[in-house]
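The following exercises concern one protein model. Each task sentence is followed by a solution that goes step by step.

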Amino acid sequence: MISLIQSAFSNFKFRSLFFRILFIQVLLVVVTAAVVGFLGERYSQNVVRDEVKQSSMQVLEQTRRLMDALLNDVDQITIRLAQNMAFSRALEAGGEGPAKSDADVIHDVMLESYISSPYIESISVYYARSGLVQSALTGLSKVEDSDDPEWFPLYASMHKTEGKWFVRPYPKTKTNQLNETQVTLIRTTPWVGTPINGAVVVNLNQQALFQSPSIQLIRHGEEIWMVSPDGSLAYNITTGAVVNEKEFSMVSEHMADRTSAFTGHFRGADYSFTTVTSPYTGWKYVNLIPTVSLYKSGQAIQSFMFIVMVFSIGIAGIFAFFISLKIYSPIYSLVQLVSNKREEGKGHPPGEEKSEVTMLLAAFHSLKEKGSELDDQLRDNWPVLQQSFLQQLIQEQPHDPEERLAKFAYYRLPVTGSGFFVSVLRIDNYASYVEKYSSFDQSSIRYFIAKVGSELAGSTFRVYPLHTESRDIILICNPEEDLATEDFRAQAEAIAAATLSSIANYLNLSVSVGIGGLKTSAGEISVSYQEAMEALELRAFKGAGFVSPIWLQQEREPSDQQFFRKLGEVKRDLLLHLRSEEPDRLQDALQRLHRLAQQAEGLSFPLLRHSLFQLIVEMFQRASELGLVSSQPDEELTCLQEQMMWLETVEQAVRFVHDYACTINRQVHAEPAAERPSVAQQILAYIQLNFDKDISLGGIADQLKLDPSYVSRLFRQEISMTFTDYVIMLRLDKAKELLQHSTQAIKEIGSSVGYANQRSFNRIFKKYEGVTPGEYRDIHAPSKLAGDQIY
């Protein structure tokens, strides 16, 4: 190998060719490495900056959620205390102060809260009418004689019922002072109504409160501050201490501009700052990290690129040698051949350059054709991309709403700047809907419902439906012009009502509508969607075919504590009378349960349904103890749960509990008796006697105290025909008999078989028999002339 290299380099022409090729390759390597290194460093810095910003937002968001949860727990303590009946009576007491029994109850509640929460330093209540303060540790005293009277001016500045956070100087009256500031939550009372006549005051242990568990996630040199709602000072969650006033003032200047991310000179170095504000408590969270730590990876990239460049130059030298050898050898041989055979003509080596240009042009042409193919595929899949974008709108809340608005134009969905709201159309009695229609018919009906909603919106709203294979049809709406709040609400409710009416007329289908609030930003579409879903909860209390806007939902007050307390009382009575031989007592308990459930509009329907199922489980356990459960109790309980999950309204859920309780009661007191006819046989016999009357499967099921869908399945299994078809068959058989053998008018015959409306009778008769009643009579009983009659 060495001798080959020496032999090659001994030739001047080879050396000249080698160094030219080497120079070109080295030049390409150096330029490429320099450009790639420069762009790589820029790119890596941007990537690192974006990643650090994203990770900072994640750490801040996690910290915010943890701290919001802690602060909310403290706030919930004040709310429960404000809702306490003893506290309400104490507030209404006169100048003599609260009654001793009420004061003892309040003291026990405060003491329990103080002991159970490590974040509470002290808790007290203030009675405005008597001017007394009751503490969890010291009892009743005047405000000025209490351990901490300095919160009273803050209370005096509050003019409505609310919970508000304050950061104030640490009380001078307290000893063993460890902090310079005191964090205080003041919740004015009463909980409902005016005027303010008291307060719940909670002082927090800031060392325990502001030392967040998320400090384990932060990087070296990184800090997280919590800024008070009034922006007066901040706490370092690493130590729980107050941030230096000078340092905080440097950061607060940028926070006043509501900037979420910024950089600045801080502590003699460049720092990157990221801020986020809690929408629930008003506290702000600031992440600080030295920018020098962001670019350490850039130095490693530079070193790596230098090593790659040196290594590439070495590889380029080796390749230059072998390329030169391969190029020079045939050329040298060709020159020798030409010189020996000049008389045979001149030879021209092939043009390598032309070949390379041709290859490059072919490659560019191929890329162009592939680009055209991609454009065609994009046009074919455009509806799918639009649906994916609409799905993203209701699921995510973006950081940049303007970017989200620009995507509407990109996906060819024109919108105005008048805001957005979401309307959700929910198919009622979805279990029957799925059982009745095939998958193709279900999709077609969903498409028709979305089309009806879009058409009726007309020139008022632009509607973009999101097609889902579920019970919900989601419409993302955009007003054509700016609307006042009252006008928007009136028009949205009117269009929703018209949509329900049209669907009922054309499809004979019941649909409920939930309407979210109008949002000014495209980034809040997901919020409006959640409001629409929340508004649909009211459907469980109002029944099917109901228009439920969120602004009606917001006027209701939740009453969960009172509901669960009363539910516990009803549950005790119900279980007590489950084995009672006096059914009136059981029915009384069930009626109380029905009234209680109808009054629980403040609760979400899934929570109410879960509570009622827990009652089912307790009755099932009681029945199991009495030996009334089948040999497979797990499957039976699973079946009960599945039936409960299909229920959609409060009325259905309470009826299910009612039927189950009555079934157990009947089983407890059942006596051996002769075999009774089946449910289907009873229904058949009843129809035979009453088919000419206005009977319905729902009415029969109610009389038998069974679920209508269950009765429908039993009936169909018995005679392979639906209830409606069987009744129509009996009525038409009787009608055909009367048309042939009686002289009654057609209207009278229709009325006698159960059709009070002659048009309905004619329509149904022709649908099933192919001719009208009159035509049937003409065919089977033509009129004749009687010889003994004068006409």
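**Exercise 1.** State the strand order of the open sheet with mixed pairing, and find which strands stand at its edges.

*Solution.* Step 1. The order of this open sheet of 5 strands is E13-E14-E12-E15-E16, with mixed pairing; strands (E, at least two residues) and helices (H or I, at least four) are DSSP runs numbered from the N terminus, and two strands pair if DSSP finds at least two bridges between them. The model is a predicted one, in which local features need pLDDT of at least 70 and side-chain atom pairs count only at pLDDT 80 or more, while totals for chains, interfaces and linings use all residues. Residues are numbered from 1 along each chain as its sequence is written, and side-chain values use heavy atoms, with hydrogens and water left out.

Step 2. E13 and strand E16 (547–549) are the edge strands; each has a single partner strand, so one side of each lacks a neighbour in the sheet.

Step 3. From one strand to the next, the twist averages 20° (axes are lines fitted to C-alpha atoms, for helices over the stretch in contact, and angles run from 0 to 180 degrees between N-to-C directions).

**Exercise 2.** Describe how E12 and E15 pair, and identify which helices pack on this sheet.

*Solution.* Step 1. The pairing of E12 with E15 is antiparallel and extends over 5 bridges. Within it, Val-424 has Gly-514 in E15 as its bridge partner.

Step 2. H13 packs on the sheet and touches E12, E13, E14 and E15, where contact means heavy atoms within 4.5 Å. The direction of H13 makes about 170° with that of E13.

Step 3. H14 also packs on the sheet, touching E12, E13, E15 and E16, and its direction makes about 165° with that of E15.

**Exercise 3.** Determine how many cavities of 30 Å³ or more are counted, and what lines the largest cavity.

*Solution.* Step 1. On a 1 Å grid over the protein atoms alone, a cavity is a set of points where a 1.4 Å probe fits but cannot get out, and lining residues have an atom within 4 Å of a point. Grid points are joined across faces, edges and corners, and a volume is the space filled by probe spheres set on the points.

Step 2. The count is 1 cavity of 30 Å³ or more, and the largest cavity holds about 140 Å³ of space.

Step 3. It is lined by 15 residues, of which Ser-423, Leu-475, Cys-477, Ile-495 and Ala-496 are the closest to its centre. The elements that give two or more residues to this lining include strand E12 (421–427), helix H13 (439–457) and helix H14 (485–507). H14 supplies the largest share, 4 residues.

Step 4. By class, the lining has 12 nonpolar, 3 polar and no charged residues; Ala, Val, Leu, Ile, Met, Phe, Trp, Tyr, Cys and Pro count as nonpolar, Asp, Glu, Lys and Arg as charged, and the others, Gly among them, as polar.

**Exercise 4.** Locate Arg-412 and Asn-429, and decide whether each is buried, partly exposed or exposed.

*Solution.* Step 1. Most residues other than glycine have a negative phi. Arg-412, however, has a positive phi near 60°, and Asn-429 has a positive phi of about 50°.

Step 2. Arg-412 is in the loop between helix H11 (401–410) and E12, whereas Asn-429 lies in the loop between E12 and helix H12 (430–436).

Step 3. Buried means under 20% relative accessible area, exposed over 50%, and partly exposed in between (1.4 Å probe, protein chains only). With a relative accessible area of 53%, Arg-412 is exposed; Asn-429, at 42%, counts as partly exposed.

Technical notes:
1 Å grid on protein atoms, 1.4 Å probe; cavity = no way out; pocket = protein on both sides within 12 Å on 5 of 7 lines; lining within 4 Å.
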